[in-house]
Amino acid sequence: MKIPTPQYRCPLGRLLPQATDLDAIKERGSRDQHILVVSPDDERLDWMERELVRQIGERLYGAGGRRHG
């Protein structure tokens, strides 16, 4: 008769970082708080959409995406 050996769970295992689904966070923020996070390099956008995102970013935050402060 074989008795399975119980697996030892290391108490430090709960300290490992959990993988975060960034697209789910962006989707929830867009839906719940009306916040849109878009990269101008997102492959899901066509050229015109990427250019629009880039122009909006430059208008709001300056050329090159540099932050002030």
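Student: Where do Arg31 and Glu27 lie?
Tutor: Both lie in helix α1, residues 22–33. They are four residues apart, about one turn of the helix. A helix here is a DSSP run of H or I, at least four residues, numbered from the N terminus.

Student: What sort of model is this?
Tutor: It is a predicted model: local features need pLDDT of at least 70, side-chain atom pairs count only at pLDDT 80 or more, and totals for chains, interfaces and linings use all residues. Residues are numbered from 1 along each chain as its sequence is written, and side-chain values use heavy atoms, leaving out hydrogens and water.

Student: Back to Arg31 and Glu27. How do their side chains meet?
Tutor: In a salt bridge, 3.7 Å from N to O. That term means a side-chain nitrogen of Lys or Arg within 4 Å of a carboxyl oxygen of Asp or Glu.

Student: Why can side chains pair like that?
Tutor: Side chains of opposite charge can pair when their charged atoms come close.

Student: Which residues are linked in a network?
Tutor: Salt bridges link Glu27, Arg31 and Asp32. The closest N and O atoms of Asp32 and Arg31 are 3.9 Å apart.

Student: Is Arg31 buried or exposed?
Tutor: Exposed, at 51% relative accessible area. The cut-offs are under 20% for buried, over 50% for exposed, and partly exposed in between (1.4 Å probe, protein chains only). Asp32 is partly exposed at 48%.

Key: Helices (H or I, at least four residues) and strands (E, at least two) are DSSP runs, numbered from the N terminus.
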